[in-house]
Amino acid sequence: MAMKDYEFWFVVGSQFLYGPEVLDIIDERAREMADKLNASGKLPCKIVYKVTAKTPEEITNVVKEANYTDKCAGIITWCHTFSPSKMWINGFALLQKPYCHFATQYNREIPNEEIDMDFMNLNQAAHGDREHGFIAARLRMPRKVIAGYWQDEDVQERLGSWMRAAVGAAFSKNLKVMRFGDNMRNVAVTEGDKVGVQEKLGWQVNTWPVGTLVEYINEVSDEEVSSMMSEYNEKYEMNTDNLDAVRYQAKEELGIKRMLDDEGCKAFTNTFEDLYGMEQLPGLATQRLMEKGYGYGGEGDWKVSAMTAVLKAISEGQTGGTAFMEDYTYHLVKGSEYSLGAHMLEVCPSVAAEKPKIEVHPLGIGGKSDPARLVFEGHPGDAIVVSLVDMGGRLRLIVQDIECVKPIMPMPNLPVARVMWKAMPNLTTGVECWIMAGGAHHTVLSYDVTAEQMEDWAAMMDIEYVHITKDTTVSTLKNDLFLADLAWKLK
Ligand code: MN
């Protein structure tokens, strides 16, 4: 399902105490709020007003329906009036969808002349939402609380941003990852408990023979390759005479895509150690598939592949870019300290500053023919890097804030795409924090997805979240990691 196909259900809490007239007004206003929020253009998905709930049965029924409705990606609650929260316990205990408590109120201002006890009876979100918030705290529910006036753009944007994270959760629950070959020999951080991950995140991670993929690649026709070549010529600068190498990547792109689609997979991995029957390591092919929204991880890294797909789902329709990334090398000149990220070949062109160039160069490892790849620089801008690691018995999601810059030198002999950034709080402290947390060399880099969205997503998936920001110090982080270790053992 695409982002626009999902909906979020608006459930308003109340009770019978106020009489039918008040309840009619609430119903009318809740409908108006949903309509205006939908018309605001700030929400990526539709909000559907479902009910002003007055009884435990109404709440339980709407939760059951939400759980079993695939297009419902979450519920949003609000209490226009007071809604005694014991009414919510049975429903909330069943809830399996992401939950946002929208602490707003219908009117913006306290009306000086008009305010009397009738007004107070109808407009009591300030205490209704507190009773409502208590029960979610008491039940230890994963939730988002967004407070603010519902017609304010920044409030609508926060709601929209949370919706995207919730769509990421729905996407995650249905994600299938296709593995070609195993993980690179002896590498630790790309390993993980696939059964545990499927239970927590929903990912179905399975392997298929490279030989089957080779059959798919070999079945691609010359006509299909030629039409793909025209597309390449249109979108990229052809900076090579070795068109046969480029044509082979077109075959790989079409073959991989067809096999992924046949199996319903939205992410894949491969490894240069297992390319039996293939002429080139897929470079351009993989870059193109990521640009289309498929997740990818090199060296068998299925966790980063799935995370790339999840972040691409969260940021669907946005234009900043999201890419599989790897920290390669540092520039350690005082006052001008940067990380240089790249990969052997496979960086997604969605992050490119300018039209990428197709080039063909030898690859030092893997023992295959020279692969075609897209070469470009990443664009400047604030971004995050994300790593999911398996700590043994639980997953830890690590997010670091970064500022991407135009690479400070041209590096004319570097034959791959590159992104340069300043990590927060600064390069060396940032590296110390990242290493202390166990963050991988592979990451997902995104200009679109925010750290707050990843925090929301981690809460929805019930996994540990670590955020390295401009304010993080090594000693506070160490303490946080130590406490989290204890907390997650008890959980
Ligand atoms: Mn790698």
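**Notebook: a manganese site and the helices around α14**

I began with the metal: the donors of the manganese ion follow the spacing E-x26-E-x16-H-x98-H along the chain. I take donors to be N, O and S atoms within 2.8 Å of the metal (3.2 Å for Na, K and Ca), and with water not among the atoms, sites may look incomplete.

A note on what I am reading: this is a predicted model, where local features need pLDDT of at least 70, side-chain atom pairs count only at pLDDT 80 or more, and totals for chains, interfaces and linings use all residues. Residues are numbered from 1 along each chain as its sequence is written, and side-chain values use heavy atoms, with hydrogens and water left out.

**Metal site**

I looked up the ligands next: Glu299 (OE), Glu326 (OE), His343 (NE2) and His442 (NE2) coordinate the manganese ion at 2.1 to 2.7 Å. Two of them, Glu326 in strand β11 (residues 322-333) and His442 in strand β18 (residues 442-446), link distant parts of the chain, 116 residues apart. For strands and helices I use DSSP runs numbered from the N terminus (helices H or I, at least four residues; strands E, at least two). Glu326 is buried at a relative accessible area of 9%, and His442 is buried at 1%. Buried means under 20% relative accessible area, exposed over 50% and partly exposed in between (1.4 Å probe, protein chains only).

**α6 against α14**

I then checked helix α6 (residues 153-173) and helix α14 (residues 451-461), whose axes come within 9 Å and cross at roughly 45 degrees. That makes α6 oblique to α14. My axes are lines fitted to C-alpha atoms, for helices over the stretch in contact, with angles from 0 to 180 degrees between N-to-C directions. Under 35 degrees counts as roughly parallel, over 145 as roughly antiparallel, 65 to 115 as roughly perpendicular and the rest as oblique.

**α12 against α14**

Helix α12 (residues 302-314) also meets α14: their axes come within 12 Å and cross at roughly 115 degrees. The two are therefore roughly perpendicular to each other. I find Met307, Val310, Leu311 and Ile314 of α12 in contact with Gln453, Met454 and Trp457 of α14; contact means heavy atoms within 4.5 Å.

**Cys72**

Last, I looked at Cys72, which lies in strand β3 (residues 72-79). Cys72 is buried, with a relative accessible area of 1%. Not counting residues up to four places away in sequence, Cys72 touches Glu7, Trp9, Ala66 and Lys97.
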